Each structure stands twice: as C-alpha cells, then as structure tokens.
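Dear colleague,

Please find below the structure that I am handing over to you.

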Amino acid sequence: MADCLFCKIARGEIPASVVYEDETVFAFRDIHPKAPVHVLVIPRHHVATLSDADDPALLGLLMDRVRHIADSVLRLDAGYRVQFNVREGGGQEVFHLHAHILGGW
Ligand code: 5GP
Ligand code: ZN
C-alpha cells in the first residue's frame, strides 16, 4: 500500500533497524521500545489488522517466523511475550498487521 508506514519500511523507503527478513516477513526494532528487546514482525503483504487476516497460511507462517526470530535470531532464552493490538479499542496505532515481540528483562 503506497502510503502505509510499515509497507514503506518493508520496501526500504524508511530506515529501520532490521533484525530479520525473508520473502514473506520483515522484522525490525520498535522505534519506542516498551521492553529491553522490542521487535515488530510484519507480513510484506499489506493486511490492516488481525481481524482482516483471513489467510490461515499467512498467519501460520507469521507465527512460525515470530517463534524463529524470538528464539534463534534474538535468542530470548529466558522467554518473551508476543502481542497483537487489534483495532482502535485494542490500542492499534499502525494499521499494517504486526506482532510485537517483547523480552530481555
Ligand atoms: P501498535 O500500537 O499499532 O500495535 O504498534 C505500533 C508500534 O509501531 C508502536 O510500538 C510504535 O512505537 C511503532 N512505530 C511507530 N512508528 C514507527 C517507525 O517509524 N519505526 C519503527 N521502527 N517503529 C514505529
Ligand atoms: Zn502496509
């Protein structure tokens, strides 16, 4: 989507601290971290919110990459939290689907 902030980050048009990328998923550090380690994992394909994510294959792949990034890239050996903020009432501010990985306490 042309004017979506996270689409622009995934295309490399806006700089970000990238921790992982592949053909379907992109992960980068949150600009205002709420934990010592705070990474956002997004699909490259634009989906606004979890409520609109009606492709089980995409959701399965996203969660598999969340697990891989947290365990094998970030090495959050003590554990971590995975959070989706869904729509305005759930605190979502950026309307491109993303999982928060929070850890490192
Ligand atoms: P939400 O509230 O939508 O679930 O989370 C959006 C997150 O994106 C927030 O934690 C916010 O700090 C982060 N964020 C907003 N703008 C940018 C940006 O330009 N770059 C990065 N890396 N993170 C951003
Ligand atoms: Zn987008």
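A pocket is here an open set of points on a 1 Å grid over the protein atoms alone, with protein on both sides within 12 Å along at least five of seven lines, and lining residues have an atom within 4 Å of a point. The model is predicted, so local features need pLDDT of at least 70 and side-chain atom pairs count only at pLDDT 80 or more, while totals for chains, interfaces and linings use all residues. Residues are numbered from 1 along each chain as its sequence is written, chains are lettered from A and ligands numbered from 1 in the order in which they are written, and side-chain values use heavy atoms, with hydrogens and water left out.

The largest pocket holds about 500 Å³ of space, a volume being the space filled by probe spheres (1.4 Å probe) set on grid points joined across faces, edges and corners. Helix 1, strand 2 (25–29), strand 3, strand 4 (80–83) and strand 5 (99–103) each give two or more residues to the lining; helix 1 provides the largest share, three residues. Helices (H or I, at least four residues) and strands (E, at least two) are DSSP runs, numbered from the N terminus. The lining divides into twelve nonpolar, nine polar and five charged residues, where Ala, Val, Leu, Ile, Met, Phe, Trp, Tyr, Cys and Pro count as nonpolar, Asp, Glu, Lys and Arg as charged, and the others, Gly among them, as polar.

The zinc ion (ligand 2) is held by Cys4 (SG), Cys7 (SG), His46 (ND1) and His96 (ND1) at 2.0 to 2.3 Å; donors are N, O and S atoms within 2.8 Å of the metal (3.2 Å for Na, K and Ca). The angles among the four donor atoms are 105 to 116 degrees, and the site is tetrahedral (four donors, all angles between 85 and 135 degrees). Cysteine 4, in the segment before helix 1 (5–10), and histidine 46, in the loop between strand 3 (37–43) and helix 2 (56–73), are 42 residues apart. Cysteine 4 is buried at 8% relative accessible area, whereas histidine 46 is partly exposed at 22%; buried means under 20%, exposed over 50%, and partly exposed in between (1.4 Å probe, protein chains only).

Histidine 38 is found in strand 3 and is buried, at 3%. Its side chain makes a polar contact of 2.8 Å with that of histidine 100 (a pair of N or O atoms within 3.5 Å, one able to donate a hydrogen and the other to accept it; residues adjacent in sequence count only if both atoms are side-chain atoms). A polar atom of the histidine 38 side chain also lies 3.0 Å from the backbone nitrogen of lysine 34.

Yours sincerely

Key. Tetrahedral: all angles 85-135°; square planar, octahedral: opposite > 155°, others 65-115°.
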